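Let's work through some exercises together. Keep the model open beside you, try each task yourself, and then follow the steps.

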Amino acid sequence: MASTKKGVPEGSSVIIPRLVCEDPAAEIDFCVGALGAVELGRRPAPDGGVGHALLTLGGEMLMIEAVWPSLPSLAPRRDGTSPVVVFVYVEDVDGVVERALALGAQLLVPLQDQFWGDRIAWIMDPAGHVWTVATRIEETTEDERSARWAGILDEMERGERG
């Protein structure tokens, strides 16, 4: 994770998602328990709760933030309509989905093998953040992906796929 870009701190990810939450401590517990994240540290909010935390997930950074009245960021609604979906590769997507559901996540899109070689599911965590979790199950070439996609489009055109 060492940075070679000027202006990026050594050891930092270049892009770091910041998940704003009503209950940051619960979001940290979810990320650690379901996704295997590692908590690097947290700072308290004025009310004594968690104001900010830094986690790593697969070697990449993830920030968890409390809602701050002075900032424009809001926690997501818990209806699955988040405009941002965090895509994360994991070693065992089936196990992650099982753990996530046990920790209160909602399954939005069931586990499915995809034409490009990933097995994925979409979940909404208890805070309302939407995640696509994936495991690579097959290495495919661009030609294979293009041919498979063309077949899917053909099925859609014939009304065989929804």
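Among contacts in the chain (heavy atoms within 4.5 Å) between residues at least 6 apart in sequence, 50% join residues at least 24 apart. Before you start, note that this is a predicted model, where local features need pLDDT of at least 70 and side-chain atom pairs count only at pLDDT 80 or more, while totals for chains, interfaces and linings use all residues. Residues are numbered from 1 along each chain as its sequence is written, and side-chain values use heavy atoms, with hydrogens and water left out.

**Exercise 1. Find how many helices and strands the chain has, and their order.**

Step 1. Helices (H or I, at least four residues) and strands (E, at least two) are DSSP runs, numbered from the N terminus.
Step 2. The chain holds three helices and eight strands.
Step 3. Along the sequence, the pattern reads β-α-β-β-β-β-α-β-β-β-α.

**Exercise 2. Describe how α1 and α2 pack.**

Step 1. Helix α1 covers residues 24-35 and helix α2 residues 93-102; they pack at about 145 degrees, with axes 8 Å apart. Axes are lines fitted to C-alpha atoms, for helices over the stretch in contact, and angles run from 0 to 180 degrees between N-to-C directions.
Step 2. On the α1 side, the contact uses Phe30, Gly33, Ala34 and Leu35; on the α2 side, Val96, Arg99 and Ala100.
Step 3. These contact residues divide into five nonpolar, one polar and one charged. Here Ala, Val, Leu, Ile, Met, Phe, Trp, Tyr, Cys and Pro count as nonpolar, Asp, Glu, Lys and Arg as charged, and the others, Gly among them, as polar.

**Exercise 3. Check the span of α3.**

Step 1. The expected span is 1.5 Å times one less than the number of residues.
Step 2. Just after α3, look at Gly159, with a positive phi of about 80 degrees.

**Exercise 4. Classify the aromatic pair of Phe87 and Tyr89.**

Step 1. Rings of Phe, Tyr and Trp (its six-membered ring) pair if their centres lie within 6.5 Å; planes under 30 degrees apart are stacked, over 60 edge-to-face and the rest tilted.
Step 2. A search of the whole structure finds three such pairs.
Step 3. The ring centres of Phe87 and Tyr89 are 5.1 Å apart and the planes at 75 degrees, so this pair is edge-to-face.
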